[in-house]
Amino acid sequence: MDLKEWFASRQKRKELQENIKLPLTTEDYCALWTQCFQCRELLYTKDLRANLQVCPKCQYHFRVGALDRIEQIADPGSFVELDSEMTSADPLNFFDTEAYAKRQKEACRKSGLKEAVLTGICAIDSQPVALGAMDFGHFGGSMGSVVGEKVTRLAEEATSNKIPLIVVSSSGGARMQEGILSLMQMAKTSSALKSYHEAGGLYISILAEPTFGGVTASFAMLGDLVIAEPGARIGFAGRRVIEQTIRQKLPADFQTAEYLLKHGQVDMVVERARLKEVLSRLVSFHDINQAGKNTAEADEAGETNRNGAVKSEQLAK
Ligand SMILES: [Zn+2]
């Protein structure tokens, strides 16, 4: 189902609900309320959704699916999906307790998506950008061949269209069912981002709860700007694995967005309500043609060719 169909079916469902008032089942009652994971407050699901899935009592940021994320960031109706028909194969005929093919089908049924990332071109306050959003609800947001390929193609699309690139990551890491093929995606995405960087593009990486493993080890941390959502857990290996390896107790806020900000690993922690506004401002600062020119000039002058340094000069002007 592409994004247009999803919106159409949601609209249809809404109309049906408004016309026919059926008695609520127990499941409906449960779906009406959501308990906050942090403050335990019982929240009306509709209000929670209207508040961008952020608890109004304690500001806990609930996980957001790829479709909702795009709806929150992109101008309404502006998102045009790329590579919507791309699906994973099962090259290793992988079987653990269940066949990989069966797990894939189950993941698609649960999330309503074909893969753990949605990519496309959209507008943010009428400024064109290439946007990718990962969905932790699909196979734990794991990066297999298709996720890697879609992110790579998105970076290439941003390079050829000379537009800013934004990727929202939320992932448990590489998809082990695809073995070495999933690990190769780290090199592939990084290489596409390097080409984009050399063309003077602006890449903003957003880290949402949780971002781990191969995604952190590749495109999630390669942003010219790395933004994290409040409270998001970000790391490579999990806390328990590290504690067992180094045999030390880690601080309570270890691997949180705030901890990483304090230690210089992310540039900003931005609450969800302000995310679109911040992205819009950052994108408006950037001019890819100008950035390319300045980089070339800096190279000629034998100065640093790190785009970041050139960009901060531009921002300062
Ligand atoms: Zn709460």
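**Burial**

I take buried to mean under 20% relative accessible area, exposed over 50%, and partly exposed in between, with a 1.4 Å probe and protein chains only. I worked on a predicted model, in which local features need pLDDT of at least 70 and side-chain atom pairs count only at pLDDT 80 or more, while totals for chains, interfaces and linings use all residues. Residues are numbered from 1 along each chain as its sequence is written, and side-chain values use heavy atoms, with hydrogens and water left out.

I looked up E243 to begin with. At 19% relative accessibility, E243 is buried. E243 sits in helix 9, residues 239–246. I use DSSP runs for elements, numbered from the N terminus: helices are H or I with at least four residues, strands are E with at least two. Leaving out residues up to four places away in sequence, E243 touches Q248, K249 and L250, where contact means heavy atoms within 4.5 Å.

**Whole chain**

I noted the totals next. The chain has 13 helices and nine strands. It runs to 317 residues, of which 44% count as buried. I took the contacts between residues at least 6 apart in sequence, and 66% of them join residues at least 24 apart.

I looked at D68, which lies in helix 4. D68 has a relative accessible area of 16% and is therefore buried. Not counting residues up to four places away in sequence, D68 touches W6, R49 and Q53.

I then checked helix 4 (residues 66–73) against helix 11 (residues 272–285): their axes come within 9 Å and cross at roughly 55°. Helix 4 is therefore oblique to helix 11. My angle classes are roughly parallel under 35 degrees, roughly antiparallel over 145, roughly perpendicular from 65 to 115, and oblique for the rest. The axes are lines fitted to C-alpha atoms, for helices over the stretch in contact, and angles run from 0 to 180 degrees between N-to-C directions. From helix 4, R69, Q72 and I73 meet R272, L275, K276 and L279 of helix 11. I sorted the residues of this contact of helix 4 with helix 11 into three nonpolar, one polar and three charged. For the classes, Ala, Val, Leu, Ile, Met, Phe, Trp, Tyr, Cys and Pro count as nonpolar, Asp, Glu, Lys and Arg as charged, and the others, Gly among them, as polar.

**Helix 6 and helix 7**

I repeated the check for helix 6 (residues 145–161) and helix 7 (residues 179–198), whose axes come within 8 Å and cross at roughly 5°. Helix 6 is therefore roughly parallel to helix 7. On the helix 6 side of the contact I listed S145, G148, E149, V151, T152, A155, A158 and T159; on the helix 7 side, L181, Q185, K188, T189, A192, L193 and Y196. The residues of the contact of helix 6 with helix 7 divide into seven nonpolar, six polar and two charged.

**C108**

I found C108 in helix 5, residues 100–111. Its relative accessible area is 29%, so C108 is partly exposed. Apart from neighbours within four places in sequence, C108 is in contact with L113, K114 and H138. I also noted F139, 31 residues from C108 in sequence and 8.5 Å away in space, C-alpha to C-alpha.

**Backbone**

Most residues other than glycine have a negative phi, and most peptide bonds are trans. I picked out the following cases.

- L52 is not a glycine, yet has a positive phi of about 60°. L52 is in the loop between helix 3 (45–50) and helix 4, and at 26% relative accessibility L52 is partly exposed.
- Q59 has a positive phi near 65°. Q59 is in the loop between helix 3 and helix 4, and at 46% relative accessibility Q59 is partly exposed.
- The peptide bond from E209 to P210 is cis, with omega near -20°. P210 belongs to strand 7, residues 203–211.

**Cavity**

I searched the whole structure and found one cavity of 30 Å³ or more. On a 1 Å grid over the protein atoms alone, a cavity is a set of points where a 1.4 Å probe fits but cannot get out, and lining residues have an atom within 4 Å of a point. Grid points are joined across faces, edges and corners, and a volume is the space filled by probe spheres set on the points. The largest cavity has a volume of about 30 Å³. I listed M1, D2, W6, L67, E81, G112, L113 and L118 as the lining of the largest cavity. By class, that lining has five nonpolar, one polar and two charged residues.

Definitions and conventions
On a 1 Å grid over the protein atoms alone, a cavity is a set of points where a 1.4 Å probe fits but cannot get out, and a pocket is an open set with protein on both sides within 12 Å along at least five of seven lines; lining residues have an atom within 4 Å of a point.
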